[in-house]
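Here is a short report on one protein model. It covers strands, a sheet, a helix pair and the nonpolar cores.

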Amino acid sequence: MNLLIRLIVLIPTTLLLVVPSLLAQAKLPKPPDRYDVEFRYRIKAGRNERIAQFLDMAKYLNKLGFVETEDDDSDLAMFDPNAERMLGTIPSASVRDLLKEPRIQTVLLTPAGYKPPDEGKGRVKVVIDLNSGFAPEKQQLFGIQIKQILAVLGFEEAVAYDHRGYTRLRGTIPWVKVATLLKDLRGQPSGWFLPLTSEEELAEPLRSILPIRLVEVLPEEGVPAPVTGQAVLQPVPADQPQLAKLSTDLRRYLAEEGKLVLPVRVEVMLNYTPPGSDNFWREQFRLANPPTAIEGRLGNVVTVTVPAGDQVGLLARLPFVLSIRLPRSSNTAVPPLAKEEPKKEEKKDEKVDEKKDEKKDETKEEPKELPRPTELPPPSVPKFDVLKELRLGQLHQRGTLGTGVRVAVIDTDFTGYQKYLGKGLPRTTHYVDLTAERNSEIQPEPTLTPPDAIGHGTHCALAVRYAAPDAEIVLVRIAPDVPYQLLTVYRLMLGEVFQPESFRIRREEMDTEAGLLRSERTLANLVYRKAFDDFDDEEPARERRRNAKAAIVALDAREKLLTGRVNRLLQLELDLLKLSGVKVILNNVGWNSGLPLDANSLLSRFLDEKMSVAHPNVVVSGSKGPKPTVWFQPAGDTRGQGWIGLFQDNDGNGIMEFVPPGTPLRAERWSPELNFLSFRSDKKADEAELPAGARVRLTVQWRESHDPGISETEYRTPIAPLNLRLLRQRDPGAEKLANDEMEVIARTEGDPERLVSEPEFGVYEHAIELTLPAAGRYALRVEGKQPIGVRPGGSYGIKDQEVRWELRPRLFIEVLDLPTRSKGRIVFGDYESFLGGVAVPGDARTVISVGAMAPSRRPQGFSAIGAGTVSDLFIKPEVMTYDQIPGFTEGPAKGSAMAASLATGLSSCLLSAGANPADFLRTLRIPPGQIFEVPDGWLKPK
């Protein structure tokens, strides 16, 4: 049984990694030595019997250490049938024993010497213990009934606390209403003489059971104030309803100071996918906002640059515009951060320092290059012959080196590739930088990698050549936030003849500018001739001649710049035409959010269509185009960042539970509805605290079934809306507060984005993007409900004819800022889904995703596994291979990216030996999930 299948058999698809513990319960801080206590008691008896019972109660209280606060009426309480309250102090250890006295109804506790805030006008935090002993469903109903009454008194419930089976409430209430909680809540709120709701009108079980047993007022002394995480998003103005089409992240971006006057790149979602000949939407864009620059299109997603943020709303007015959002960046590798210069120390001896500087200059070396395939690995690298382990060395010895196979490496960073030409990369390496098409100057966009470092794509290309020393290499750089460029590149590799959207726009810009220059040239020539026909030697005439000459010189310079732009565009087009004939593709760019998973994206579907065995080769100029390509994609080093599972809400409170009922929880956890996050790095164990300042994106994506007989416009709002809440533990160590004191840092707002709209189903996504305001322990909560049926607004029609379906959300966490990403990544710490899923387009059926494997032939713990939310039986990644290559351990490419590079080189050698690229793995008889190595049949003597 192969490696991945063996793992999946042993570990079910929905397996969640849970650390067993005792019964879940929050950790509480050390209580004060004594409490001020006030309780309400009830003695229903005649005079003599009342006295006996009162004395019996007083005797019990005395055993508990209760000390009454006496007043003028204290001595009369045992005789007074209306007396029902008593005040005093009691040791904290005896508080719960008060409730064992059957005559005591409700207890109110405050720390000894507690002073209410704002002279009694403010709110205080309380914990309320309810009567209990019901079945779980009835206990939950009892708590809901009590909360409805408390809400009238001004009670505001806390979030995500340990309700202990709905027997406890926590929140805040006005101080003036605290004493009211001692009364029988069934009589509250009350009018002048009678409760507003009679007891007979109350529903069971509230009508028959005393609601509250104990109320504790909690102090906030010495506790840091709650942290503000997410600014309040201003509502959409009533006179600008089109702004509701703007995504939450875009609205927050435009709300920042100065953003409304700056250019902004956005993605516009159309409510249909225009055919290639459709220019209607393009013309409408220009009419709505003439300066808008269209960059490219992927299906119904159009990438444009708007000259000023306040003009985005003009696009939103178009009726066929579904939504507008900021572009989503891919999961590209982290470029190396620039090293900080060491602080200069005071020189003790100038002569000695000069000698040291001279010595440093003499020994100064160029940046270290990765070794060529013929070089031995450095001594520090463990002796691991990956070519021998994959039996690739035997192919090399037989002269199978990838000769004649063109390999395209697609990445976002090829810094430093020039210095490896002829030293690891062939001198004929072809390089195309498609980022130049995104700007009018046709200039490549700068990278964040220092010039003396090596780019991620360069590192991968060198690894490909290590495995296939004679393969031809094509380097294709694309931008990290434009999936349409990946589609453009592949279509050109297939030999399709078409003009990319951005090239059309660039040509139109140049034609417009050329026309203006011609008009200005005609006018300038007239002015020039007129000025120089005047032979007057006076200063005004000389000034006119100087100005006319300067205008001609300026026009010459502008025309020269335009010519340079035209030439660069032509050269880029020629470079792109050279992409045809590629047999193997290594694509390192993928998206875990912003595009629909489960091969539902237009990009993944296009790859599946073109690379399918049943699909005929494209015809170009009357002849068949190139043979099918073999596409390799790293599975991604994202294990733990994704969670896929069944939406389950067994108690029906509208909050998803991450594990089934009865699953043991971790220590100091109290609810399966919270999934605490951790910070994971390669160098040390997971840390419970997330770092302050980390820029984080949390997304939830789900697919829901729809009724094909209902218009898609009815599904703009999902029938199963899911929302996220990011919470932070205020006091994890429970030093001042209980560790279940949680504060809301961020939440999803507005409607989710609709990524796919098909007659039978829709795919939606909701996201939170924020900078963590403080270091601490954070948890994620998912809110929503499993709908009944597939129709908007709930279930209609005959119940037996309703369609039942499973809601399976996919959660994903991404760190966006480079400083934090260079140190590690944020993962699900409590419940880690085994099948977190690979990124787009690795989810395509015809794309070969590659997982990372250690020298022990076991999968690396960080390598992603899984095809998607509704593709449990489809094995991803298709193959596993080693991620350690001698001499290549230092560099930005690691894990599955290095494994995919090795697999790409290995496949190039097999193709040069005659392997069929169509249905590549099946023809090699490599089952899904198997280790990718040279099959036995390719090593037998001919």
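## Strands and a hairpin

Two strands pair if DSSP finds at least two bridges between them. Helices (H or I, at least four residues) and strands (E, at least two) are DSSP runs, numbered from the N terminus. The model is predicted: local features need pLDDT of at least 70, side-chain atom pairs count only at pLDDT 80 or more, and totals for chains, interfaces and linings use all residues. Residues are numbered from 1 along each chain as its sequence is written, and side-chain values use heavy atoms, with hydrogens and water left out.

β10 and β11 form a hairpin with 2 residues between them. In the turn, G299 has a positive phi of about 65°. β10 (residues 293-298) runs antiparallel to β11, and 5 bridges join the two. L298 faces V301 of β11. β9 (residues 264-270) also pairs with β11 in the antiparallel sense, over 6 bridges. Here M269 stands opposite V301. β11 (residues 301-306) is mostly covered, with 5 of its 6 residues buried (under 20% relative accessible area; exposed is over 50%, partly exposed in between; 1.4 Å probe, protein chains only).

## The eight-stranded sheet

An open sheet of 8 strands pairs in parallel, in the order β14-β15-β13-β16-β19-β30-β31-β32. Its edge strands are β14 (430-433) and β32 (930-931), each pairing on one side only. Inside the sheet, β30 (residues 848-853) and β31 (residues 879-882) run parallel and share 4 bridges. G851 has M880 in β31 as its bridge partner.

Helix α10 (residues 456-467) lies across β13 (406-411), β15 (472-477) and β16 (584-587), at about 155° to β13. Axes are lines fitted to C-alpha atoms, for helices over the stretch in contact, and angles run from 0 to 180 degrees between N-to-C directions.

## The α10–α16 pair

α10 and α16 pack at about 40°, with axes 7 Å apart. On the α10 side, the residues in contact (heavy atoms within 4.5 Å) include H456, C460 and V464. Their counterparts in α16 include M898, L902 and L906.

## Nonpolar cores

A nonpolar core is a set of buried Ala, Val, Leu, Ile, Met, Phe, Trp, Tyr and Cys residues joined through side-chain atoms within 4.5 Å. The largest has 58 residues, and V386, L392, F632, L910, F920 and F932 touch the most other members. Helix α16 (residues 895-912) gives the most to this core, with 10 residues. Apart from it lies another core of 46 residues, including I478 and V589.
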